[in-house]
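Welcome, and please load the model in your viewer. We will go from one selection to the next, with a short note at each stop.

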Amino acid sequence: MQCFYNYHNALTLSYDIFLIGLSNRQSSSSLLRDFIPHSRHKMNPSVMLASLQLFVTTGLIPVCLCAQGRYAFKLLNDLFVNYTNALRPVEDTDNIINVTLQITLSQIIDMDERNQILTTYLWIRQVWFDAYLTWNKTDYDGLDTIRIPSSYVWRPDIVLYNNADDQFSSSMETNVVIRHDGQIMWDQPAITKSSCKVDVSYFPFDVQQCRFTFGSWTHNGNQMDLHNALDSADLADFVENVEWEVQGMPAKKNIILYGCCSDPYPDITYILHLKRRASFYIFNLLIPCMMISFLAPLGFYLPADSGEKVSLGVTVLLALTVFQLLVAESMPPSENVPLIGKYYIATMTMITASTALTIFIMNIHHCGPEAQPVPAWARRFILHYLARICFVYDMGESCLSVHTDKPAHKRSNCPLNGQAGGEDFALRVRGVSASEGCSQKIKDQLNENVSPTISPRQGKECHLGWIDGTCVGIDNGEVAGATAERVSESGATRKESAKKREILVESQCLFHQQNILRNIEYIANFYHEQKATQRRNGEWRKVAKVMDRFFMWIFFIMVFLMSLLIIGKAV
């Protein structure tokens with residue numbers, strides 16, 4: 001309750017002081033000094049003084065402000081009685097107005113690489129002297145500065161030369177601060193769109209330089225001169241950008257003679273140095289491309305019979321094409337190919353070459369029976385030297401084993417475990433011995449067609465064996481048969497009968513022997529051709545496997561070197 005009472009008395013007191021100030025036109029200090037002893041309010045002097053100080057500092061007592069407001073109104077009327085903002089504020093037309101320019105970079109809003117437009121938020125400060133806007137501050141109750149709309153005074157026509165805004169309405173109409181000595185300071189925030197030549201040769205590790213050229217549009221250097229307030233733009237209030245890192249913004253004054261005019265035109269150029277933050281592009285464009293690129297050489301490691309070698313290369317090529325389109329959409333259509341675009345093109349070329357080589361190697365692998373033998377130089381260079389370098393060995397062969405061509409045994413003419421024992425399968429019709437195992441079929445044929453009652457041949461040795469009591473032998477085209485029991489019959493009839501039977505058995509045996517040998521020879525020749533074809537196919541398949549491994553290592557090295565190259569550009 002006491003606080004409310006003191007507050008009410010303070011308000012009443014401030015109102016009385018306000019009325020007395022209006023009637024007597026006294027200052028605030030004299031009012032407080034003269035009014036407190038004669039106050040009609042019964043208040044503690046310390047409480048009254050504290051209340052008055054509180055209301056004066058907070059602006060609730062408008063005594064001093066009302067006085068300065070009246071002087072500011074009077075000053076405004078006095079200054080602009082005969083003033084015009086259409087002419088340069090100089091006493092002599094030969095005098096030069098010096099304008100000091102200061103730029104504060106607040107934010108980078110957008111960088112459009114495709115259209116080469118940089119959008120920024122700037123604070124532009126211009127300071128100059130107006131010869132007609134001066135006053136003696138003692139005549140206006142010590143009023144030192146006034147703030148009025150900028151449209152009331154003359155303003156330098158400083159514009160951004162490389163402005164890319166189609167409306168030219170990005171600046172804000174703010175007030176100017178006028179000092180008693182005629183100094184005018186104009187702070188103007190502006191969202192500017194400036195043209196910036198973007199060089200994407202080293203994208204995404206590029207550094208850009210964007211220029212901001214400020215100068216007068218109509219006044220030459222003999223009428224208005226420009227000066228730098230600082231050697232560079234102010235970056236104290238800069239808001240960090242997620243994509244671009246600002247490395248500096250130095251300022252430089254230029255004096256240019258244009259072809260249209262003989263007078264010099266000064267300007268101030270700020271060069272904004274920007275470095276792209278490449279983390280986003282590394283993790284979203286570069287690393288996936290490297291991983292896909294390392295998949296391409298693995299296509300050579302796939303078995304040729306899998307049927308996925310060509311499809312893997314085509315899939316990798318399509319994936320890189322998608323990434324290439326993403327980069328091309330964000331880059332300007334210029335002759336400068338970005339670094340990541342070069343990497344994509346090199347990788348796509350490599351994958352195209354690997355796919356073509358894969359098709360060629362698969363053709364070698366799947367060569368048919370009509371394929372020619374492997375040439376001697378290819379057998380010596382690819383199957384011997386290059387196979388060892390690429391660590392390609394046959395089944396059961398190691399890197400320490402010495403590969404030698406073992407000559408085929410040609411002595412064995414009979415099948416061994418169902419396979420031919422030698423390369424040349426020669427059947428001998430004559431001189432078949434009992435130790436050779438090729439006579440079993442002949443004996444079977446003889447057993448079926450030869451009569452067991454064949455008369456014996458005296459003094460002959462049985463070479464092949466006995467068939468139902470009859471000895472059958474082949475000796476240089478002759479067949480002999482004799483019974484097991486020695487017959488001592490004599491007489492011309494028995495000898496003649498035995499001779500006829502012997503001739504009959506010999507003719508039948510020779511006929512069946514020739515058919516059997518002819519069939520065996522056909523089978524042996526077919527088997528020999530089949531083995532030779534399999535051997536040729538095996539050699540060509542090994543050639544294809546060695547070429548696969550060789551190109552796999554070559555392409556791995558190429559991908560690794562290209563990755564090191566682009567990482568080196570980043571560093």
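**Before you select anything.** You are looking at a predicted model, where local features need pLDDT of at least 70 and side-chain atom pairs count only at pLDDT 80 or more, while totals for chains, interfaces and linings use all residues. Residues are numbered from 1 along each chain as its sequence is written, and side-chain values use heavy atoms, with hydrogens and water left out.

**Stop 1: colour by pLDDT.** This is the predictor's confidence in each residue, from 0 to 100. The chain averages 74, and 66% of the residues score at least 70. Now select residues 1–15: pLDDT is below 50 there, and the stretch has 17 contacts in the model beyond near neighbours in sequence (contact means heavy atoms within 4.5 Å). Residues 17–43 are also below 50, with 37 such contacts. Where pLDDT is low, the predicted coordinates should not be read in detail.

**Stop 2: the sheet.** Show the strands (DSSP runs of E, at least two residues, numbered from the N terminus). Six of them form an open, mixed sheet in the order β3-β5-β6-β2-β1-β8; two strands pair if DSSP finds at least two bridges between them. Select β3 (145–149) and β8 (224–228) at the edges: each has a single partner strand, so one side of each is left without a neighbour in the sheet. From one strand to the next, the twist averages 30 degrees (axes are lines fitted to C-alpha atoms, and angles run from 0 to 180 degrees between N-to-C directions).

Stop 3: Look for Ile148, which stands opposite Val176 in β5.

**Stop 4: Val177.** Stay in β5, where Val177 lies. Is Val177 buried or exposed? Its relative accessible area is 17%, which counts as buried (under 20%; exposed is over 50%, partly exposed in between, with a 1.4 Å probe and protein chains only). Draw a distance to Arg147: the two C-alpha atoms are 4.7 Å apart, although 30 residues separate them along the chain. Leaving aside neighbours within four places in sequence, the contacts of Val177 include Thr145, Ile146, Gln183 and Met185.

Key. Helix = DSSP H or I, 4+ residues; strand = E, 2+ residues; numbered from the N terminus.
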